[in-house]
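Colleague: I would like a close look at a single part, the salt bridges, and then at what surrounds them. Could you walk me through it in plain words?

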Amino acid sequence: MKLFKKLLAATLVLGCAAAHGADLGKSPITLISPFPPGGGTDTLTRMIGSAISQDAGWNIVVENKPGAGGNLALDATARAQPDGHTLVMAQTDNIVLNPWLYSKLSYDTFKDFKPVGPVASSPSVFVVVPDSPFKTIADVVKAAQARPNQVSLGIPGIGGTGDLTGYLWRKAANMELMHVPYRGWSQAFPDLASGRIDIYVGSVASLLPQIRGGKVRALGVVASERSPALPDMPTFPESGFPTINQSIWWGLMAPGKTPDDVIAALNTELQKVQSNPELIKKLEDAGYSVLKGSPEDLARRHRTDHDAFGKVVQEAGIPKQ
């Protein structure tokens, strides 16, 4: 009898998910990207949106809403109708870190969003110009220990994952790096190319074209496993720093009051396209690794990283904006 009840409950859930899946196809779904067109997050958002559109027949429209470190996109999502027709491609650098970096937010990072599911991850990668004297992570450590605050690290914004990873590296290696903040790669590259800064850190997904094009050379990736896009590049744990292994992740979030059965329909379709070998290859070629899971999996990752990174922000003494 207990088995029958469990099977019946599962059947009802799947039936509701299927029904709401049909409802989702009746009007366009807005998928918000918190960054401008052409960047890594935008590329991922369009890949996922296109894959779901083709498989489910839903009309998914990607809307770029950059600004305020992702807060404009998150605010728009939090205020949207909770019917499954507005989603956001959230990531570590906004949904996790912004509550620790901004004194006033128009949303609650937990109450105002409901996880749909994890999408992908991409490790941070430290890069130098091709003729840099630094060939390995160990070379940087040796130089920074010998010349405190003389080796400079370009970071994409104060308090972001690049800044915090640099802080953790400095602490673990007992060295001092001079952090130089930039708005992003396009602003930092001229300084890296001219020698004004020694190293830059960004996600593999954002820097892969420059690495493949020979503009920069990678030193190491921040992950527990090697990146499929850079299989010959050692991880930080392989380079002697076992605790520096946190990749950047992306996940789909919906407004907080979105019904559970709508979330289930969205997650079912997301996980379906994530199993497509063609999409997996496209993502890996672009510097991502597929990150499949349930809404609960994303919720746990969100909470765990929020607490862990919060401690790092406080230890590093990064003031709120």
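Modeller: Asp75 and Arg79 sit four residues apart in helix H3 (residues 71-79), so about one helical turn separates them. They form a salt bridge, with the closest N and O atoms 2.8 Å apart; the term asks for a side-chain nitrogen of Lys or Arg within 4 Å of a carboxyl oxygen of Asp or Glu. Asp75 has 18% relative accessibility and therefore counts as buried, whereas Arg79, at 62%, counts as exposed. The cut-offs are under 20% relative accessible area for buried and over 50% for exposed, with partly exposed in between (1.4 Å probe, protein chains only).

Please keep in mind that this is a predicted model: local features need pLDDT of at least 70, side-chain atom pairs count only at pLDDT 80 or more, and totals for chains, interfaces and linings use all residues. Residues are numbered from 1 along each chain as its sequence is written, and side-chain values use heavy atoms, leaving out hydrogens and water. Helices (H or I, at least four residues) and strands (E, at least two) are DSSP runs, numbered from the N terminus.

The whole structure holds 13 salt bridges. One of them joins Arg303 to Asp307 at 3.8 Å, N to O. These two residues are also four apart, about one turn of helix H12 (residues 295-316). Arg303, at 40% relative accessibility, counts as partly exposed, and so does Asp307, at 35%.

Another salt bridge runs between Lys272 and Asp55, whose closest N and O atoms are 3.3 Å apart. This pair ties together distant parts of the chain: Lys272 belongs to helix H10 (residues 260-274) and Asp55 to helix H2, 217 residues apart. Asp55 is partly exposed, with 38% relative accessibility.

H2 (residues 40-56) packs with helix H11 (residues 277-285) at about 175°, their axes 11 Å apart; axes are lines fitted to C-alpha atoms, for helices over the stretch in contact, and angles between N-to-C directions run from 0 to 180 degrees. The two helices are therefore roughly antiparallel, the label for angles over 145 degrees. From H2, Leu44, Met47, Ile48 and Ala51 meet Leu279, Lys282 and Leu283 of H11, contact being heavy atoms within 4.5 Å. Of the residues in this contact, six are nonpolar, none is polar and one is charged.

H2 also lies across strands S1 (29-33), S2, S3 (86-91), S4 and S10 (248-255), at about 170° to S2. What is the order of the strands in this open sheet? Six strands line up as S2-S1-S3-S10-S4-S11, with mixed pairing. At the edges are S2 (60-64) and S11 (289-290), each pairing on one side only; strands pair if DSSP finds at least two bridges between them. S4 (residues 113-122) and S11 are antiparallel partners over two bridges, and Ala120 stands opposite Val290 in S11.

Terms used
Parallel < 35°, antiparallel > 145°, perpendicular 65-115°, else oblique. Nonpolar A, V, L, I, M, F, W, Y, C, P; charged D, E, K, R; others polar.
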